[in-house]
Amino acid sequence: MAALRERLSWETAEGAVADGPRRYLLMRPDVLMGALVRLDEAARRSWLGAVAESARVQGGESLAAYAATVGHDSARLLEATASAAADLGWGRWVFTHAQQAPDEVLQLEVHGSPFAAGWLAAGGGTSAQPVCAPVCGMLAALASLLWPGRPVQVREQRCGVAGQPPAATCAFEARPQGPLQPPGQRRP
Ligand SMILES: [Zn+2]
């Protein structure tokens, strides 16, 4: 599969950027994250939760398309995901996938998260909570492809803007929850 940056088509007559049926939006991260800066803490929690869930469901469709092209090979899926993230300006993604049951875990370090950078650029300062919810959502979708039929738990363990001084890296973790279900009982 060609890299996402090579697949993206710039349909300037329509004012659209697309990868086949999936349309993309280019946006400055400080414009997006400046909206979050303007909310109070409770509203921020709601916004971040909603964005993570939207990324998991809507963004997960892109990951499912990548998975189909790499034949559901997990190493290649991680590689395709990191490559697409870089092409979309979502930072440099480095995965560590420990597959040893029962301690299966997928760790992700994101260097230069645009969400953390956008938060700082919009004047957010030190955040009381992690702000890279879109990455959490995509990681949840990815984990569901790696561990089909199992609920997953995802969290941002360390966000670059949630401490002082700010760090250039954010750390995330996904784990499967509960035992593998028999194929007949898997969710569609
Ligand atoms: Zn972060």
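Predicted model: local features only at pLDDT ≥ 70, side-chain atom pairs only at ≥ 80, totals over all residues.
## The nonpolar core

Let's start on the inside. The largest nonpolar core in this model has 45 residues, and the ones with the most contacts inside it are Trp93, Phe95, Leu106, Cys132 and Phe172. Quite a few elements give two or more residues to this core: the helices are H2 (29–37), H3 (41–69), H4 (74–87), H5 (114–121) and H6 (133–146), and the strands are S4 (92–98), S5 (105–111) and S7 (169–176). Helix H6 provides the largest share, with nine residues.

Trp93 is a handy place to look around. Setting aside residues up to four places away in sequence, Trp93 touches Thr81, Ala82, Ala85, Leu108, Glu109, Val110, Val135 and Met138.

## Cysteines

Cys132, one of the core residues with the most contacts, has a relative accessibility of 0%, so it counts as buried. Cys159 comes out at 7%, which also puts it under the 20% cut-off, so Cys159 is buried too.

What about disulfides? A disulfide is a covalent bond between the sulfur atoms of two cysteines. A search of the whole structure turns up zero of them.

## How H2 packs

Two packed helices are described by the angle between their axes and the distance between the axes. Take H2 and H5: their axes are 7 Å apart and the packing angle is about 65°. That makes H2 roughly perpendicular to H5, and their crossing is right-handed. On the H2 side, the residues that meet H5 are Pro29, Asp30, Leu32, Met33, Leu36 and Val37. Their partners in H5 are Pro114, Phe115, Gly118, Trp119 and Ala121.

H2 also packs against H3, at an angle of about 140° with the axes 9 Å apart. This makes H2 oblique to H3. Here Leu32, Met33, Leu36 and Val37 of H2 meet Arg44, Trp47 and Leu48 of H3.

## How H3 meets H4

Next up is H3 with H4. The axes of these two helices come within 9 Å and cross at roughly 135°, so H3 and H4 are oblique to each other. The crossing is right-handed.

Which residues make the connection? From H3, Leu63, Tyr66, Ala67 and Thr69 take part. They meet Arg76, Leu77, Ala80, Thr81 and Ala84 in H4.

## Arg23 on the outside

Arg23 sits in strand S3, which covers residues 22–24. Its relative accessibility is 61%, so Arg23 counts as exposed. Leaving out neighbours within four places in sequence, Arg23 is in contact with Gly15, Ala16, Val17 and Ala18.

How far is Arg23 from Arg92 in space? From C-alpha to C-alpha the distance is 22 Å, and the two arginines are 69 residues apart in sequence.

## Two spots in loops

Gly89 lies in the loop between H4 and S4. At 42% relative accessibility, Gly89 counts as partly exposed. Gly89 and Gly112 are 23 residues apart along the chain, with 9.2 Å between their C-alpha atoms.

The other loop residue to look at is Pro165, found between strand S6 (152–158) and S7. Most peptide bonds are trans. The bond from Gln164 to Pro165, however, is cis, with omega near 0°.

How values were computed
Residues numbered from 1 in each chain as written. Heavy atoms only, no water. Disulfide = S-S within 2.5 Å. Buried < 20%, exposed > 50% of the residue type's maximum accessible area, 1.4 Å probe, protein only. Core = buried A, V, L, I, M, F, W, Y, C linked by side-chain atoms within 4.5 Å. Helix = DSSP H or I, 4+ residues; strand = E, 2+ residues; numbered from the N terminus. Contact = heavy atoms within 4.5 Å. Axes fitted to C-alpha atoms, helices over the stretch in contact; angles between N-to-C directions. Parallel < 35°, antiparallel > 145°, perpendicular 65-115°, else oblique. Left-handed = near helix turned anticlockwise from the far one by under 90°.
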